[in-house]
Structure formats: structure tokens, C-alpha cells
Amino acid sequence: MSKSPITSPLPEADKKTTGAILQATLVDLVDLSLVAKQAHWNVVGKNFRSTHLQLDELVSTARTYVDEVAERANAIGVSPNGKAKTVVASSGIPDYPDGWLSDDQTVKAIVSTLEALIKRLRARIDETDKADLVTQDLLIDIAKDLEQAHWMWQAQLA
């Protein structure tokens, strides 16, 4: 189907800009959910249980926002793409190490992952200032929750 069955409330240029931002955010969040689950399965150490549970909270947050971002894209007439090959090709978050990691190594890796994603989100918040304030509001909500998670992960290193 070449023509979108969903009309957009945005002018075409704003739809294109916002659609690209939503797509980039979608793949980053899908990747975050996968990275956090990978970490969840492979964390070991004296703080295993609390880290393991905190990783599930991060997975839940990422998955919630994946759906919200995809649905926002649909609402403006842009078809979201969260396929594995798309995520691999375009995610901007750091690669996560293979194998078991100590709880300290896991926390450091998750802090780094969240830091990179938050930096990307904040740039997108600025980019949506003129194109679509509704999408900007969604990105602000995502950044707020991920910045809170970032703080809580960093606190474990203090």
C-alpha cells in the first residue's frame, strides 16, 4: 500500500521530521528493552537479585514507551518499523557485552546505555519544538522516566 490510510494532522514537512524522530526513538527503545533483558539474564554477583529485578523494571518501561511511540507514529500517518533488522541497522545505543557480567559491570553498562539514549532523546526533544509539540510532550515523558532510572542506576555506583 503506497498511500497512507491514515491522514496526518501535521503539514507534510512536520510529519516527515516527526516521523523520523519517532522511528529513531522506537528502535532505540526496542533495543533498550532487549539490552536490559540480556543484562537481566546474565547478571551475577552479590547484588544479583536487586539488579535482576531492577532490570525487569527497565524492560517494562522501555516496552511501555515502545508501544506509545509506535502508536504516536500511527496517529500522524507514519507506519512504525520495529523489526529486528531495522533495530540492528539503526539503533544508536551502545552495544552490550556478551556473557555474564558482575552486578557492578552490569550497572556500569546500563548507566552508559541510558546516558547515550537520554542524550539522543534530548536532541529529539529540541527537534520537535516546531514540528510537533504533542510528540515533544511524549519524548519529554520518556526522558523524565529514563533520567529517573539513570539516576537510580548511577546511585548504585556511588
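**Salt bridges in a predicted model**

Trainee: Which residue forms a salt bridge with Asp-132, and how far apart are the closest N and O atoms?

Mentor: In this predicted model, Asp-132 forms a salt bridge with Arg-72, and the closest N and O atoms are 2.7 Å apart; a salt bridge here is a side-chain nitrogen of Lys or Arg within 4 Å of a carboxyl oxygen of Asp or Glu. The pair links distant parts of the chain, with Asp-132 in the loop between helix 4 (103-131) and helix 5 (133-155) and Arg-72 in helix 2, 60 residues apart, where helices are DSSP runs of H or I of at least four residues, numbered from the N terminus.

Trainee: Buried or exposed, that Asp-132?

Mentor: Asp-132 counts as buried because its relative accessibility is 6%, the cut-off for buried being under 20% relative accessible area, with exposed over 50% and partly exposed in between (1.4 Å probe, protein chains only). Arg-72 is buried as well, at 16%.

Trainee: How many salt bridges does the structure hold?

Mentor: The structure holds seven salt bridges, and one of them joins the side chains of Lys-37 and Asp-56 at 2.8 Å, N to O. Lys-37 lies in helix 1 (residues 12-42) and Asp-56 in helix 2 (residues 48-75), so this pair ties together parts that are 19 residues apart in sequence.

Trainee: Which residues are linked in a network?

Mentor: Asp-28, Arg-120 and Arg-124 are linked in a network of salt bridges.

Trainee: What should I know about the conventions?

Mentor: Local features need pLDDT of at least 70 and side-chain atom pairs count only at pLDDT 80 or more, while totals for chains, interfaces and linings use all residues. Residues are numbered from 1 along each chain as its sequence is written, and side-chain values use heavy atoms, leaving out hydrogens and water.

Key
Helix = DSSP H or I, 4+ residues; strand = E, 2+ residues; numbered from the N terminus.
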